[in-house]
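Here are my notes on this one, jotted down as I went through it. Have the viewer open and follow along point by point.

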Amino acid sequence: MQKIRVPINSFQFGEVSDSLLSRVDTSVYTASAQRVENMVVMAEGAVKKRTGLKHIHDYGITFNSSYPEQSHLFPFIFDENEEYIISVEHQKVRCFRIEDSTVTLVSTITQDTSSNALPFDQEYLQQYTTAQFGDVKFICHPLFAPRMLTRTSLTSFEISTYSFDQRADNSVTFQPYSKFQAHGTTLDPSATTGTGITLTTSTDH
């Protein structure tokens, strides 16, 4: 059978599943592709070549085969004129400002506001999660209390430990823990002072 070439000038649905093959009765079929490689689908439906990589800054990290991933990059965007890249590294954070396609190192942090070493470890860098709210980016991991990276000026940052709210008498710290035990389960210590104290729950837990 002779092949028929059908020109397609819109790829607004991008790359679609093979299960859509021969579904000529749908509008998706006539505005999509079976495979789109190294191309970017534009909002108007056209496609263009994906841009390549460009060397814009000497990062200054020496390769270590034991820890090949020595940095975790996060965006820090305050507005369209104030954008940063945050590099979380082993016991260090570096903040780079992006301005007119130029990257400039504006802050290097090795201690928090209490002069304590940063808890970031090269073994867990890729496990850290972040969330930004205004001038503050929260950096979290199960191994340490949440840290706050705060932009104090256009070219300066600081890191502090997030303080949870407490009851007026400071006897209770309100932290977002999940409750897994059944309602009414109690925990009793064998003593309130000394060593070798055991904790007993009222039900298996």
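1. A word on accessibility before anything else: buried means under 20% relative accessible area, exposed means over 50%, and partly exposed is in between, with a 1.4 Å probe and protein chains only. You're looking at a predicted model, where local features need pLDDT of at least 70, side-chain atom pairs count only at pLDDT 80 or more, and totals for chains, interfaces and linings use all residues. Residues are numbered from 1 along each chain as its sequence is written, and side-chain values use heavy atoms, with hydrogens and water left out.

2. Start with the backbone. Most residues other than glycine have a negative phi. Asn38 has a positive one, near 55°, and sits in the segment before strand 1 (39–41); strands here are DSSP runs of E, at least two residues long, numbered from the N terminus. With a relative accessible area of 53%, Asn38 is exposed. Ser115 is another non-glycine with positive phi, about 65°. Look for Ser115 in the loop between strand 6 (102–109) and strand 7 (129–133), where it counts as exposed at 52% relative accessibility.

3. Strands pair if DSSP finds at least two bridges between them; strand 5 (residues 92–99) and strand 6 have seven and run antiparallel. Cys95 has Ser107 in strand 6 as its bridge partner. Two residues lie between the strands of this hairpin, and Asp100 takes a positive phi near 55° there.

4. A two-residue hairpin connects strand 8 to strand 9, and another two-residue hairpin connects strand 9 to strand 10. For landmarks, His141 stands opposite Phe144 in strand 9, while Arg147 stands opposite Thr161 in strand 10. Strand 9 is mostly covered, with seven of its ten residues buried.

5. Two C-alpha separations to check in the viewer. Val136, in strand 8, is buried at 18% relative accessibility. Val136 and Thr152 are 16 residues apart in sequence and 9.3 Å apart in space. Leu154 and Asp169 are 15 residues apart in sequence, yet 38 Å apart in space.

6. How many aromatic pairs are there? The count comes to eight, where rings of Phe, Tyr and Trp (its six-membered ring) pair if their centres lie within 6.5 Å, and planes under 30 degrees apart count as stacked, over 60 as edge-to-face and the rest as tilted. Phe120 and Tyr128 have ring centres 5.7 Å apart and planes at 55°, so that pair is tilted. Both Phe120 and Tyr128 are buried. Phe138 and Tyr162 make an edge-to-face pair, 5.7 Å centre to centre with 75° between the planes. Since Phe138 lies in strand 8 (residues 136–141) and Tyr162 in the loop between strand 10 (156–161) and strand 11 (187–189), this pair ties together parts that are 24 residues apart in sequence. Phe138 is partly exposed at 24%, and Tyr162 is partly exposed at 32%.

7. Two further ring features. Phe76, Tyr84 and Phe157 form one aromatic cluster. The charged end of Arg151 sits over the ring of Phe78, 4.3 Å from its centre (the rule asks for NZ of Lys or CZ of Arg within 6 Å of the ring centre and within 35 degrees of the ring normal).

8. Last, the pockets. On a 1 Å grid over the protein atoms alone, a pocket is an open set of points where a 1.4 Å probe fits, with protein on both sides within 12 Å along at least five of seven lines; lining residues have an atom within 4 Å of a point. A volume is the space filled by probe spheres set on the points. The largest pocket holds about 270 Å³, and its lining includes Val6, Pro7, Ile8, Tyr29 and Gln34.

Note on methods. Helices (H or I, at least four residues) and strands (E, at least two) are DSSP runs, numbered from the N terminus.
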